[in-house]
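This report describes the fold of one protein chain, from its overall layout down to single residues. Please read it with the model open.

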Amino acid sequence: MVAVSALLAGALAQRWLSVAATDWQGPESVFPDMSGRPVRLSDEHSEVLLLNFWASWCEPCREEMPVLDELQAEFGPRGLKVVGLALEDRAAVAAFLRRLPVGYRILVGERGGDALAARLGDAGGGLPFTVAFDIRGQVLATFLGSQTRDGFLAVIGPRLLSPR
């Protein structure tokens, strides 16, 4: 009984410490990356996290991906992290990414991605849908439809770290 209590106390302390270290208040969802490894969204936190819901069959999504790729390349050093959550199966995503590779992390959300998008404000299921989170997981803004660089930067720019 003492061993079980100690184990439970240790697990609770570890959970409390990991949450307290980041104060993440955003979604705790887990999705596989392109290699099948599970990735917890709270582990992807940064000064600003852009979580982009997309699909390879979505023309506006395909138009927006180079914008997100450029933002990640340019502003990654200043605390931006872009994560794409594909709302289809891994095989379709892999085939698409061979034709249009991107430099940001892609997760596969065929199971639960659409439900997460709805919880975050995309009740109609429109794509692309992007959510900007601050470092604590608070929603800064949501974007429905393809966005421009300036559209994203108007919201996320003030939250990024100063250039070095």
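Helices (H or I, at least four residues) and strands (E, at least two) are taken here as DSSP runs, numbered from the N terminus. In those terms, D134 belongs to strand 6. The model is a predicted one.

## Overall layout

The protein contains five helices and seven strands. Along the sequence these elements follow the pattern α-β-β-β-α-β-α-β-α-β-β-α. The chain of the protein has 164 residues, of which 41% count as buried. Among contacts with a separation of 6 or more, 65% come from residues 24 or more positions apart.

Five strands form an open sheet in the order 5-4-3-6-7, and the pairing is mixed. At its edges are strand 5 (105–108) and strand 7 (139–144), each of which pairs on one side only. On average, neighbouring strands of this sheet are turned by 20° against each other, direction ignored. As a general point, strands of a sheet pair through backbone hydrogen bonds, either parallel or antiparallel.

| Strand pair | Sense | Bridges |
|---|---|---|
| Strand 3 and strand 4 | parallel | seven bridges |
| Strand 3 and strand 6 | antiparallel | six bridges |
| Strand 6 and strand 7 | antiparallel | five bridges |

Between strand 3 (residues 48–54) and strand 4 (residues 80–86), L51 has V83 as its bridge partner in strand 4. V131 stands opposite T142, a residue of strand 7. Strand 6 and strand 7 form a hairpin with four residues between them, and in the turn G137 has a positive phi of about 90°.

## Strand 6 and D134

How many residues of strand 6 are buried? The count is six of the six, so strand 6 is largely enclosed by the rest of the structure. In a regular strand the side chains alternate between the two faces of the sheet. Strand 6 is covered on both faces: F129, V131 and F133 are buried on one side, and T130, A132 and D134 are buried on the other.

D134 has a relative accessibility of 13%, and because buried means under 20% relative accessible area, D134 falls in the buried class. Apart from neighbours within four places in sequence, the contacts of D134 are W24, S46, E47, L140 and R159.

## Strand 3 and L50

L50 is a residue of strand 3. The relative accessible area of L50 is 0%, so L50 is buried. Which residues does L50 touch, not counting residues up to four places away in sequence? They are L68, L71, L80, K81, V82, V83, T130, V131, A132, F152 and I156. One of these, L68, is 18 residues from L50 in sequence, and the C-alpha atoms of L50 and L68 are 8.7 Å apart.

Helix 5 (residues 149–156) lies across strand 3, strand 4, strand 6 (129–134) and strand 7. Its direction is at about 165° to strand 7.

Two packed helices are described by the angle between their axes and the distance between the axes. For helix 2 (residues 59–75) and helix 5, the axes come within 10 Å and cross at roughly 45°. Helix 2 and helix 5 are therefore oblique to each other. The crossing of helix 2 past helix 5 is right-handed. On the helix 2 side the contact is made by E64, V67, L68, L71, E74 and F75, which meet R149, F152 and L153 of helix 5. The residues of this contact divide into six nonpolar, no polar and three charged. L68, L71 and F152 are also among the residues that L50 touches.

## Helix 3 and A95

Helix 3 covers residues 90–99 and includes A95. Is A95 buried, partly exposed or exposed? With a relative accessible area of 26%, A95 is partly exposed. A95 and S56 are separated by 39 residues in sequence, while their C-alpha atoms are 9.2 Å apart in space.

Notes:
Residues numbered from 1 in each chain as written. Predicted model: local features only at pLDDT ≥ 70, side-chain atom pairs only at ≥ 80, totals over all residues. Heavy atoms only, no water. Pairing = 2+ DSSP bridges. Axes fitted to C-alpha atoms, helices over the stretch in contact; angles between N-to-C directions. Contact = heavy atoms within 4.5 Å. Parallel < 35°, antiparallel > 145°, perpendicular 65-115°, else oblique. Left-handed = near helix turned anticlockwise from the far one by under 90°. Nonpolar A, V, L, I, M, F, W, Y, C, P; charged D, E, K, R; others polar. Buried < 20%, exposed > 50% of the residue type's maximum accessible area, 1.4 Å probe, protein only.
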